[in-house]
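Me: Could you go through this structure with me? I would like to know what stands behind each term.

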Amino acid sequence: MKREERVLTGVHFMQGNYAAVEGAIAAGCDFFAGYPITPANEVSEGMARRLPAVGGAFLQGEDELCSIYAAAGASLAGAKAMTATASAGFDYMQEGIEYAVAVEAPMVIVDVMRCRGENFATQADIMQVRWSAAGDHEMIVLAPSTVQETFDFTVRAFNLAEEYRTPVIVISEMSLALMRERLEIPEASAIPVVNRRRTTKSPSEYLPFKADSEYGVPDFAELGTGYRVIHSINPHDERGDIEWDPKAFERLYKRITGKVRENRKKIATTQRFHLDDAEIALVGYGSEVRPALDAALSARDKGIKVGVLKIDVPWPFPEEAVAEVASGVRTMVTVEMNIGKYAGEIERVVCGRCRTARATKNLGEPHTPEEILTVIEEVRS
Amino acid sequence: MSVSTMPEKGNPLLKYMRQDKLPHFFCPGCGCGQVVSAFLRAVEALKLDLGTMVGIGGVGCTARIPVYLHMDCLHGVHGRTLAWATGIKLHKPDTKVVVFAGDGDAMSIGGNHFIHAARRNLDVTFIVVNNFNFAMTGGQVAPMTPGGAVTMTTPYGSSEPPFDLCAMAVTSGATYVARTLTSNPAQMTSYIKTALDHKGFSVVEILSQCPTHFGRYALGSGSPKNLVTWIKDHTVPLTAADKMKAEELEGKYRTGEFIKTERPVFMGSTVCSAPCAEKEGKA
């Protein structure tokens with residue numbers, strides 16, 4: 001099927017979860033596996049309807065473990081694979097993520113964060129998406145703030161997964177996932193699509209886990225095409241053979257983590273709002289950017305110069321962007337819908353460049369602009 | 001060339017193996033080598049090209065088998081073999097996939113995937129080497145350890161009744177199910193061959209000896225010969241079993257082919273017969 005036929009070009013009033021579906025389809029996703037869980041169900045339901053119609057395969061797994069490993073299997077068979085879940089289901093997927101990291105299987109995982117049972121908003125999983133899979137890794141995690149960004153970031157997540165051959169996580173939030181907003185889907189030709197680089201070498205010359213540089217990404221050979229590769233979670237050498245030598249292990253994980261970390265300036269994008277003359281910078285990600293922007297404008301109405309640093313990609317951590325903003329303001333306030341987790345990372349990097357404060361809330365509800373404004377007034381006095 | 005003709009350069013089946021990975025890590029007397037041999041004889045007989053196939057092993061002794069075979073391989077996560085296989089088959093239905101799983105991998109941590117793969121009739125061959133215990137981890141009780149058996153985690157004997165894997169496979173919807181034992185290599189090869197040639201979820205359970213753990217702890221003997229004999233003494237061919245009373249079959253393993261049938265194989269949870277974007281309304 002031609003790409004133009006897959007992409008729902010036009011203006012829509014669409015739910016966040018469906019925007020993730022359309023972003024995936026536009027990016028070339030052709031395999032989805034998921035297990036029912038609120039509030040991520042519309043991703044599965046949308047995929048079940050859309051994917052078979054565009055020639056892809058849809059699986060409702062018997063559990064989250066099936067879903068993440070089916071995605072890994074499909075990815076190694078050449079698919080652009082995706083799964084979606086919500087916090088509790090994401091817990092189950094950790095070993096699968098570890099496997100995908102180790103064998104460098106691209107895939108996209110949507111984690112709709114939830115708390116207080118099922119249906120309340122939170123950003124409580126912000127550290128979990130970074131570290132909870134066992135073993136060493138650097139995760140790529142994108143945090144949309146709007147339905148439009150849910151579409152755009154899902155496309156980008158597939159492209160990053162393909163480029164770096166690694167799982168990429170899109171964190172949504174209950175509020176964002178179930179919200180309907182304006183979504184503009186561009187022409188297919190205006191949506192960039194990256195495909196993993198396939199090897200041009202013969203099976204006898206091909207080394208499946210050797211890249212052309214220390215932090216590079218190896219070329220891919222799909223299953224069943226004569227390359228006879230071992231894709232093991234165990235430490236492996238450049239041939240893919242299980243290798244227990246600590247030096248081989250070090251070389252492998254230095255590259256697997258380095259390919260993300262060393263490219264973080266390219267990957268970890270941020271957006272700046274009203275920061276040029278700001279004395280206070282609010283910094284946040286996901287839906288919390290929305291009340292933060294409102295609060296910044298209200299503060300400016302009161303004569304307080306406040307700006308917002310919007311973190312598009314919480315992980316890898318955008319160190320340089322945070323440090324630069326911190327150097328130009330008196331106070332940096334982390335706005336976050338949890339007990340204060342990302343704030344710790346912000347404060348580590350600010351490291352005395354300015355004062356820091358936190359606006360945190362963990363009640364299953366986003367901040368109101370007024371609540372953030374109160375914090376602004378406190379830190380200013 | 002006949003398999004029985006041993007050429008000067010060694011076993012003709014070696015060409016199917018990653019020879020630089022040998023010697024293998026299986027204990028002396030382990031049944032896994034016999035399973036490899038039977039599998040490769042079946043591959044040779046069917047003239048299969050391992051280069052176009054995928055071998056899957058989770059974690060365990062049996063799970064190491066595909067690592068020694070010269071084919072694409074997924075390995076190293078306990079119990080998720082059939083989940084991997086499901087993703088591969090839905091994306092590339094023509095790729096032949098064979099899973100090697102121990103009894104723990106298949107029926108303990110992977111039990112849920114097993115019944116669902118059977119229900120869906122996933123077009124995969126599932127070879128379960130049942131050595132009656134968790135062997136790689138040191139001989140703990142497993143879902144197919146015989147009742148009463150002493151293992152490292154059942155020092156007073158196992159109070160758990162075992163699964164009948166084949167009965168469960170049939171009930172769950174597998175379309176080829178057979179049980180054999182390592183001391184019957186001809187039958188083992190024949191069943192694996194049938195399974196590899198079968199369209200649908202094919203299950204071959206192979207009763208196998210683990211002299212290192214099950215033999216020593218449960219039977220009080222580390223001799224492979226004693227264990228192979230014990231397995232033989234505890235098996236009854238289906239034809240004979242049909243004429244036996246339930247109490248005579250107590251503690252016995254029926255061997256033979258339990259089912260061979262056909263039904264549509266799994267292609268996804270919902271399949272659009274005519275992929276067509278126009279059928280889709282705007283969301």
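Predicted model: local features only at pLDDT ≥ 70, side-chain atom pairs only at ≥ 80, totals over all residues.

Me: What makes chain B as compact as a globular protein of its length?

Reply: Start with its make-up. Chain B has ten helices and eight strands. Its radius of gyration is 19 Å, close to the 19 Å that the globule rule gives for 283 residues, so chain B counts as compact as a globular protein of that length. The C-alpha trace spans about 70 × 50 × 35 Å along its principal axes.

Me: How many of the residues in chain B are buried?

Reply: The share is 50% of the 283 residues. To be called buried, a residue needs 20 or more other C-beta atoms within 10 Å of its own.

Me: Why is strand β5 of chain A called largely enclosed?

Reply: Count its residues, 107–113. Seven of the seven are buried, so the rest of the structure largely encloses the strand. Both faces are covered. On one side are Met107(A), Ile109(A), Asp111(A) and Met113(A); on the other are Val108(A), Val110(A) and Val112(A).

Me: How do you know which strands pair with β5(A)?

Reply: Pairing takes at least two bridges between two strands. Strand β4 (residues 81–86) of chain A has five bridges with β5(A), in the parallel sense. Strand β7 (residues 167–173) of chain A has seven, and also runs parallel to β5(A). Both therefore meet the cut-off of at least two. In β7(A), Ile171(A) is the bridge partner of Asp111(A).

Me: What makes β9(A) and β7(B) edge strands?

Reply: Look at the order of the open sheet: β9(A)-β2(B)-β1(B)-β3(B)-β4(B)-β6(B)-β5(B)-β8(B)-β7(B). Strands β9 (230–232) of chain A and β7 (235–237) of chain B each have a single partner strand, so one side of each has no neighbour in the sheet. From one strand to the next, the twist averages 20 degrees.

Me: How do you know that β4(B) and β6(B) pair?

Reply: The cut-off is again at least two bridges. Six bridges join β4 (residues 125–130) to β6 (residues 202–207) in chain B, and the two run parallel. Ile127(B) stands opposite Val204(B).

Me: Why are the buried residues of helix α13 of chain A placed on the same side?

Reply: First, name them: Ala321(A), Val322(A), Val325(A) and Ala326(A). They cover an arc of only 130 degrees around the axis, which puts them on the same side of α13(A). There they pack against β10, β11, β12, β13 and α14 of chain A.

Note on methods
Residues numbered from 1 in each chain as written. Chains lettered and ligands numbered in written order. Buried ≥ 20, exposed ≤ 12 C-beta atoms within 10 Å, placed from the backbone. Helix = DSSP H or I, 4+ residues; strand = E, 2+ residues; numbered from the N terminus. Arc of directions from axis to C-beta. Contact = placed C-beta atoms within 7 Å. Rg over C-alpha atoms; globule rule 2.2 N^0.38 Å. Axes fitted to C-alpha atoms, helices over the stretch in contact; angles between N-to-C directions.
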